[in-house]
Amino acid sequence: MSDKSYFDRVAEEWDQLRERFFSDTVREKALAVAGVQRGKRAADIGAGTGFITEGLIRLGLQVIALDESRAMLETMKKKFGHLKGIDYQLGEGENLPIPTGSVDYAFANMYLHHVENPSKAIREMVRILKPGGRLVITDLDEHRYEFLRTEQDDRWLGFKRDNLQRWFAGAGLREIRIDCLEEDCCAQSKCGCERIEISILIASATK
Ligand SMILES: C[S@@+](CC[C@H](N)C(=O)[O-])C[C@H]1O[C@@H](n2cnc3c(N)ncnc32)[C@H](O)[C@@H]1O
(Lines give C-alpha, C1' and ligand atoms only; values in the text may rest on other atoms or scores of the structure.)
Protein backbone atom coordinates (compact mmCIF):
# COMPACT_ATOMS: atom_id res chain seq x y z
CA MET A 1 0.00 0.00 0.00
CA SER A 2 1.38 3.42 -0.97
CA ASP A 3 1.66 6.01 1.80
CA LYS A 4 0.73 8.76 -0.69
CA SER A 5 -2.75 10.18 -0.26
CA TYR A 6 -5.50 9.12 -2.65
CA PHE A 7 -5.26 12.48 -4.45
CA ASP A 8 -1.47 12.29 -4.84
CA ARG A 9 -1.95 8.90 -6.48
CA VAL A 10 -4.79 9.86 -8.85
CA ALA A 11 -3.75 13.44 -9.70
CA GLU A 12 -2.93 12.76 -13.35
CA GLU A 13 -6.16 10.90 -14.01
CA TRP A 14 -8.37 13.11 -11.78
CA ASP A 15 -9.97 15.03 -14.67
CA GLN A 16 -11.18 11.79 -16.29
CA LEU A 17 -12.38 10.40 -12.95
CA ARG A 18 -14.12 13.69 -12.17
CA GLU A 19 -16.08 13.58 -15.42
CA ARG A 20 -17.49 10.21 -14.35
CA PHE A 21 -18.31 11.45 -10.83
CA PHE A 22 -20.12 14.70 -11.76
CA SER A 23 -20.61 17.07 -14.68
CA ASP A 24 -19.68 20.67 -15.54
CA THR A 25 -23.18 21.68 -14.40
CA VAL A 26 -21.88 21.63 -10.82
CA ARG A 27 -19.41 24.39 -11.67
CA GLU A 28 -21.95 26.40 -13.66
CA LYS A 29 -24.41 26.37 -10.75
CA ALA A 30 -21.76 27.22 -8.14
CA LEU A 31 -20.55 30.24 -10.11
CA ALA A 32 -24.10 31.40 -10.82
CA VAL A 33 -25.16 31.18 -7.17
CA ALA A 34 -22.11 33.20 -6.12
CA GLY A 35 -22.94 35.87 -8.73
CA VAL A 36 -19.27 36.20 -9.68
CA GLN A 37 -18.07 39.45 -11.26
CA ARG A 38 -15.10 40.01 -13.57
CA GLY A 39 -12.02 41.53 -11.90
CA LYS A 40 -12.88 40.24 -8.42
CA ARG A 41 -10.74 37.89 -6.33
CA ALA A 42 -11.79 34.33 -5.45
CA ALA A 43 -10.35 31.41 -3.50
CA ASP A 44 -10.86 27.83 -4.68
CA ILE A 45 -10.26 25.68 -1.60
CA GLY A 46 -9.43 22.01 -2.20
CA ALA A 47 -8.94 23.17 -5.77
CA GLY A 48 -7.50 19.87 -7.00
CA THR A 49 -6.63 20.14 -10.68
CA GLY A 50 -8.67 23.34 -11.08
CA PHE A 51 -12.25 22.42 -11.94
CA ILE A 52 -13.70 25.55 -10.28
CA THR A 53 -10.58 27.64 -10.91
CA GLU A 54 -10.95 27.12 -14.67
CA GLY A 55 -14.46 28.58 -14.65
CA LEU A 56 -13.37 31.57 -12.58
CA ILE A 57 -10.41 32.36 -14.83
CA ARG A 58 -12.62 32.17 -17.93
CA LEU A 59 -14.90 34.77 -16.32
CA GLY A 60 -11.97 37.13 -15.67
CA LEU A 61 -11.42 36.69 -11.92
CA GLN A 62 -8.14 36.42 -10.01
CA VAL A 63 -7.95 33.06 -8.24
CA ILE A 64 -6.09 31.61 -5.27
CA ALA A 65 -6.12 27.85 -5.93
CA LEU A 66 -5.30 26.06 -2.69
CA ASP A 67 -4.82 22.35 -2.11
CA GLU A 68 -2.86 20.12 0.28
CA SER A 69 -1.86 17.75 -2.53
CA ARG A 70 1.25 18.87 -4.37
CA ALA A 71 0.49 16.39 -7.18
CA MET A 72 -2.98 17.83 -7.78
CA LEU A 73 -1.58 21.38 -7.93
CA GLU A 74 1.25 20.29 -10.26
CA THR A 75 -1.31 18.73 -12.60
CA MET A 76 -3.27 21.99 -12.59
CA LYS A 77 -0.10 23.97 -13.35
CA LYS A 78 0.61 21.75 -16.37
CA LYS A 79 -2.82 22.71 -17.75
CA PHE A 80 -3.04 26.37 -16.76
CA GLY A 81 0.59 27.43 -16.16
CA HIS A 82 0.45 29.70 -19.23
CA LEU A 83 -2.58 31.60 -17.87
CA LYS A 84 -2.26 34.74 -15.75
CA GLY A 85 -4.32 35.27 -12.62
CA ILE A 86 -3.84 32.00 -10.71
CA ASP A 87 -1.95 31.97 -7.41
CA TYR A 88 -1.17 28.29 -6.63
CA GLN A 89 -1.00 27.65 -2.90
CA LEU A 90 0.01 24.41 -1.24
CA GLY A 91 -1.75 24.48 2.11
CA GLU A 92 -4.09 23.06 4.68
CA GLY A 93 -7.77 23.98 4.52
CA GLU A 94 -8.27 24.14 8.27
CA ASN A 95 -5.43 26.67 8.58
CA LEU A 96 -5.44 28.71 5.37
CA PRO A 97 -2.27 30.67 4.46
CA ILE A 98 -4.48 33.46 3.11
CA PRO A 99 -4.99 36.87 4.79
CA THR A 100 -8.21 37.69 6.62
CA GLY A 101 -10.79 39.62 4.57
CA SER A 102 -8.88 39.31 1.30
CA VAL A 103 -11.24 37.58 -1.19
CA ASP A 104 -14.68 38.34 -2.63
CA TYR A 105 -15.67 34.67 -3.07
CA ALA A 106 -14.68 31.33 -1.57
CA PHE A 107 -15.57 28.09 -3.34
CA ALA A 108 -15.13 24.50 -2.21
CA ASN A 109 -16.28 21.75 -4.52
CA MET A 110 -16.25 18.17 -3.19
CA TYR A 111 -13.62 19.18 -0.64
CA LEU A 112 -15.44 19.42 2.69
CA HIS A 113 -16.14 15.69 3.05
CA HIS A 114 -12.37 15.06 3.00
CA VAL A 115 -11.43 17.34 5.91
CA GLU A 116 -11.15 16.26 9.51
CA ASN A 117 -12.97 19.27 10.98
CA PRO A 118 -15.56 20.72 8.57
CA SER A 119 -16.80 23.46 10.91
CA LYS A 120 -13.22 24.73 11.32
CA ALA A 121 -12.68 24.55 7.55
CA ILE A 122 -15.85 26.62 7.05
CA ARG A 123 -14.72 29.20 9.64
CA GLU A 124 -11.42 29.53 7.79
CA MET A 125 -13.18 30.15 4.47
CA VAL A 126 -15.36 32.77 6.16
CA ARG A 127 -12.30 34.39 7.74
CA ILE A 128 -10.64 35.04 4.34
CA LEU A 129 -13.82 36.57 2.86
CA LYS A 130 -14.27 40.32 2.72
CA PRO A 131 -17.44 41.61 4.44
CA GLY A 132 -20.22 41.03 1.89
CA GLY A 133 -18.21 38.20 0.28
CA ARG A 134 -19.91 34.99 -0.81
CA LEU A 135 -19.18 31.39 0.22
CA VAL A 136 -20.38 28.55 -2.03
CA ILE A 137 -19.90 24.92 -1.07
CA THR A 138 -20.94 22.09 -3.34
CA ASP A 139 -20.76 18.68 -1.70
CA LEU A 140 -22.57 15.43 -0.99
CA ASP A 141 -25.76 14.93 0.92
CA GLU A 142 -25.48 12.43 3.77
CA HIS A 143 -25.15 8.83 2.49
CA ARG A 144 -24.20 5.35 3.71
CA TYR A 145 -21.42 4.22 1.34
CA GLU A 146 -18.54 3.23 3.63
CA PHE A 147 -16.27 2.09 0.79
CA LEU A 148 -15.65 5.76 -0.05
CA ARG A 149 -13.68 6.11 3.20
CA THR A 150 -11.21 3.37 2.29
CA GLU A 151 -11.12 3.79 -1.49
CA GLN A 152 -11.26 7.59 -1.91
CA ASP A 153 -10.05 9.05 1.43
CA ASP A 154 -13.52 10.40 2.29
CA ARG A 155 -13.74 11.30 5.99
CA TRP A 156 -17.44 12.23 6.07
CA LEU A 157 -20.21 10.28 4.39
CA GLY A 158 -21.69 13.49 3.06
CA PHE A 159 -23.48 15.99 5.28
CA LYS A 160 -26.81 16.53 6.94
CA ARG A 161 -28.05 19.90 5.69
CA ASP A 162 -28.97 20.89 9.26
CA ASN A 163 -25.32 20.55 10.27
CA LEU A 164 -24.15 22.74 7.40
CA GLN A 165 -26.80 25.31 8.32
CA ARG A 166 -25.55 25.32 11.93
CA TRP A 167 -21.86 25.56 10.95
CA PHE A 168 -22.62 28.43 8.53
CA ALA A 169 -24.66 30.33 11.12
CA GLY A 170 -21.99 29.67 13.79
CA ALA A 171 -19.38 31.17 11.46
CA GLY A 172 -21.43 34.38 11.31
CA LEU A 173 -22.82 33.96 7.80
CA ARG A 174 -26.19 35.38 6.70
CA GLU A 175 -28.53 34.76 3.74
CA ILE A 176 -27.82 31.04 4.12
CA ARG A 177 -29.34 28.79 1.45
CA ILE A 178 -28.87 25.06 1.14
CA ASP A 179 -30.52 23.48 -1.89
CA CYS A 180 -30.39 20.37 -3.98
CA LEU A 181 -28.09 21.01 -6.96
CA GLU A 182 -30.28 18.61 -8.96
CA GLU A 183 -27.43 16.35 -9.95
CA ASP A 184 -26.04 13.11 -8.48
CA CYS A 185 -22.44 12.15 -7.88
CA CYS A 186 -21.90 8.70 -9.41
CA ALA A 187 -19.22 6.23 -8.32
CA GLN A 188 -18.43 2.54 -8.31
CA SER A 189 -16.56 0.50 -5.69
CA LYS A 190 -13.32 -1.23 -6.77
CA CYS A 191 -14.94 -4.65 -6.59
CA GLY A 192 -17.67 -3.42 -8.92
CA CYS A 193 -20.26 -4.65 -6.43
CA GLU A 194 -21.54 -1.18 -5.46
CA ARG A 195 -22.61 1.36 -8.06
CA ILE A 196 -23.92 4.44 -6.33
CA GLU A 197 -25.59 7.80 -6.91
CA ILE A 198 -25.45 10.44 -4.19
CA SER A 199 -27.35 13.71 -4.43
CA ILE A 200 -25.25 16.88 -4.51
CA LEU A 201 -26.13 19.92 -2.40
CA ILE A 202 -25.24 23.55 -2.94
CA ALA A 203 -24.79 25.71 0.15
CA SER A 204 -24.29 29.44 -0.20
CA ALA A 205 -24.17 32.42 2.13
CA THR A 206 -22.92 35.96 2.58
CA LYS A 207 -20.43 37.27 5.15
C1 LIG B 1 -12.60 15.40 -4.55
S2 LIG B 1 -11.21 16.47 -4.82
C3 LIG B 1 -12.01 17.87 -5.56
C4 LIG B 1 -11.03 18.70 -6.37
C5 LIG B 1 -11.71 19.87 -7.11
N6 LIG B 1 -12.33 20.80 -6.18
C7 LIG B 1 -12.71 19.37 -8.11
O8 LIG B 1 -13.89 19.69 -7.98
O9 LIG B 1 -12.32 18.65 -9.04
C10 LIG B 1 -10.84 17.04 -3.17
C11 LIG B 1 -9.57 17.91 -3.08
O12 LIG B 1 -9.48 18.45 -1.77
C13 LIG B 1 -8.11 18.37 -1.34
N14 LIG B 1 -8.11 18.34 0.12
C15 LIG B 1 -8.64 17.38 0.92
N16 LIG B 1 -8.47 17.71 2.20
C17 LIG B 1 -7.82 18.91 2.22
C18 LIG B 1 -7.37 19.78 3.25
N19 LIG B 1 -7.57 19.47 4.54
N20 LIG B 1 -6.74 20.91 2.91
C21 LIG B 1 -6.56 21.24 1.60
N22 LIG B 1 -6.96 20.46 0.58
C23 LIG B 1 -7.59 19.31 0.89
C24 LIG B 1 -7.59 17.09 -1.98
O25 LIG B 1 -6.18 17.08 -2.06
C26 LIG B 1 -8.28 17.13 -3.34
O27 LIG B 1 -7.51 17.77 -4.31
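Author: The dialogue below goes from the overall fold to single residues. The model is predicted.

Reader: How many helices and strands does the secondary structure of the protein come to?

Author: The protein has 8 helices and 7 strands. Its radius of gyration is 16 Å, close to the 17 Å that the globule rule gives for 207 residues, so the protein is as compact as a globular protein of that length. The C-alpha trace spans about 45 × 40 × 30 Å along the principal axes.

Reader: What share of the residues is buried, and what part of the contacts joins residues 24 or more positions apart?

Author: Of the 207 residues, 43% are buried. Among contacts with a separation of 6 or more, 65% are between residues 24 or more positions apart.

Reader: Let us turn to a strand. Which strands pair with E1, and in what sense?

Author: As a general idea, the side chains of a regular strand alternate between the two faces of the sheet. In this structure, E1 (residues 41-45) has 4 of its 5 residues buried, so the strand is largely enclosed by the rest of the structure. E1 pairs in the parallel sense with E2 (residues 62-67) over 5 bridges. E1 also runs parallel to E4 (residues 103-109), to which 3 bridges join it. Ala43 has a bridge partner in each of these strands: Ile64 in E2 and Ala106 in E4.

Reader: Which helix belongs to the β-α-β unit with E1 and E2, and is the unit right-handed or left-handed?

Author: Helix H4 (residues 51-58) is the helix, and the unit that it makes with E1 and E2 is right-handed. H4 is mostly covered, with 7 of its 8 residues buried; among them are Phe51, Glu54 and Leu56. After H4 comes Gly60, with a positive phi near 85 degrees.

Reader: Which residues come nearest to the ligand?

Author: The ligand has 19 residues around it, of which Gly46, Gly48, Phe51, Ser69 and Gly93 come nearest. Phe51 is also one of the buried residues of H4. By class, the shell around the ligand divides into 8 nonpolar, 6 polar and 5 charged residues.

Reader: Where do Asp153 and Glu175 lie, and is Glu175 buried or exposed?

Author: Asp153 is in the loop between helix H7 (147-152) and helix H8 (161-170). Asp153 has 15 other C-beta atoms within 10 Å and is therefore partly exposed. Glu175 belongs to strand E6 (residues 174-188). With 10 other C-beta atoms within 10 Å, Glu175 is exposed.

Reader: Why does Trp167 count as buried?

Author: A residue is buried if 20 or more other C-beta atoms lie within 10 Å of its own. Trp167 has its place in helix H8, and it counts as buried because it has 22 C-beta neighbours inside 10 Å.

Reader: With which residues is Trp167 in contact, leaving aside neighbours within four places in sequence?

Author: Trp167 is then in contact with Pro118, Ser119 and Ile122. Trp167 and Lys120 are 47 residues apart along the chain, and their C-alpha atoms are separated by 8.7 Å.

Note on methods. Residues numbered from 1 in each chain as written. Predicted model: local features only at pLDDT ≥ 70, side-chain atom pairs only at ≥ 80, totals over all residues. Buried ≥ 20, exposed ≤ 12 C-beta atoms within 10 Å, placed from the backbone. Helix = DSSP H or I, 4+ residues; strand = E, 2+ residues; numbered from the N terminus. Pairing = 2+ DSSP bridges. Right-handed = clockwise from strand over helix to strand, strands pointing away. Near = placed C-beta within 6 Å. Nonpolar A, V, L, I, M, F, W, Y, C, P; charged D, E, K, R; others polar. Rg over C-alpha atoms; globule rule 2.2 N^0.38 Å. Contact = placed C-beta atoms within 7 Å.
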